[in-house]
Amino acid sequence: MKIKTEHILTFLKVVAWLAFVGYAIKAGAQAVALVVGFIDPTLAEKLYEVNPLLLKLRQYNVWFFVNAMSLVVFLSAMTAHVWYLAIQLLSKLRLKTPFSRDVAKRLEKIAFEILGIWLINIVGMSYFKWLEKSTGAQLGNLGIGDEFLLIAAIVYIVSQIFKRGIEINEENELTV
């Protein structure tokens with residue numbers, strides 16, 4: 001049985017919704033952990049999505065903990081937003097006319113958002129290394145690597161291909 005592109009796009013939309021909800025829950029849980037950890041660190045240890053390594057920072061300085069957790073929450077929220085943008089893109093995509101300005105614009109926006117995630121991760125990793133040096137605590141990494149730069153580049157290239165497809169369609173419409 002042949003799988004149709006429409007079914008694949010519907011499946012991808014469901015996957016995008018699941019990823020969006022998952023990252024939104026993760027960001028929300030981390031935000032709650034940040035607030036509770038600021039108030040009562042012993043209670044925060046029992047919460048979902050609390051990194052015990054980051055919670056140890058509170059022993060050194062409460063602002064180290066707040067800054068590190070804020071960074072983690074922000075990255076999770078940005079990732080959820082990228083998935084939301086993907087949902088919007090899949091909702092706007094029409095197979096009969098895939099080359100539209102709206103789709104190209106959304107692809108470009110997703111590429112820049114992913115690039116932003118990568119840049120913030122680079123800054124965050126530098127901050128974590130500084131914290132490790134200052135406190136002696138082992139913090140690990142943020143879980144985001146250079147693959148985000150690659151993904152951003154690929155999505156940006158696809159957006160440029162879509163823009164060129166739009167230009168070709170417009171030229172063909174003028175010719176006819």
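**Close-up views of a predicted model**

**View 1. Salt bridge between Arg101 and Glu170.** The side chains of Arg101 and Glu170 form a salt bridge, at 2.8 Å from N to O; a salt bridge is a side-chain nitrogen of Lys or Arg within 4 Å of a carboxyl oxygen of Asp or Glu. The pair links distant parts of the chain, with Arg101 in helix H5 and Glu170 in helix H6, 69 residues apart. Helices are DSSP runs (H or I, at least four residues), numbered from the N terminus. Arg101 is exposed at 53% relative accessible area, while Glu170 is partly exposed at 34%; buried means under 20%, exposed over 50% and partly exposed in between (1.4 Å probe, protein chains only). The model is predicted: local features need pLDDT of at least 70, side-chain atom pairs count only at pLDDT 80 or more, and totals for chains, interfaces and linings use all residues. Residues are numbered from 1 along each chain as its sequence is written, and side-chain values use heavy atoms, with hydrogens and water left out.

View 2. Arg106 counts as buried at 18% relative accessibility, whereas Asp102 is partly exposed at 30%.

**View 3. Salt-bridge network of Arg164, Glu167 and Glu171.** Between Glu171 and Arg164 the closest N and O atoms are 3.9 Å apart. Shared partners join these two residues and Glu167 into one network. Glu171 is partly exposed at 45%, as is Arg164 at 41%. The structure holds five salt bridges.

**View 4. The largest pocket.** Its volume is about 440 Å³, and 19 residues line the pocket. Trp83, Ala86, Leu89, Ile110 and Val155 lie nearest its centre. Helices H1 (5–39), H4 (62–92), H5 (101–135) and H6 (147–175) each give two or more residues to the lining; H4 gives the largest share, six residues. The lining has 18 nonpolar residues, one polar and no charged. A pocket is an open set of points on a 1 Å grid where a 1.4 Å probe fits, with protein on both sides within 12 Å along at least five of seven lines; lining residues have an atom within 4 Å of a point.

**View 5. A nonpolar surface patch.** Ile8, Phe11, Leu12 and Val15 make a patch of about 330 Å². Patch residues have over 30% relative accessible area and no salt bridge, and nonpolar side chains are joined within 5 Å. Leu12 lies in helix H1 and is partly exposed at 38%.

Methods:
Grid points are joined across faces, edges and corners, and a volume is the space filled by probe spheres set on the points. Ala, Val, Leu, Ile, Met, Phe, Trp, Tyr, Cys and Pro count as nonpolar, Asp, Glu, Lys and Arg as charged, and the others, Gly among them, as polar. Patches are made of residues with over 30% relative accessible area and no salt bridge: like charges are joined within 9 Å, nonpolar side chains (Val, Leu, Ile, Met, Phe, Trp, Tyr) within 5 Å. Accessible areas come from the Shrake-Rupley method with a 1.4 Å probe; for residues, only the protein chains shown count as cover.
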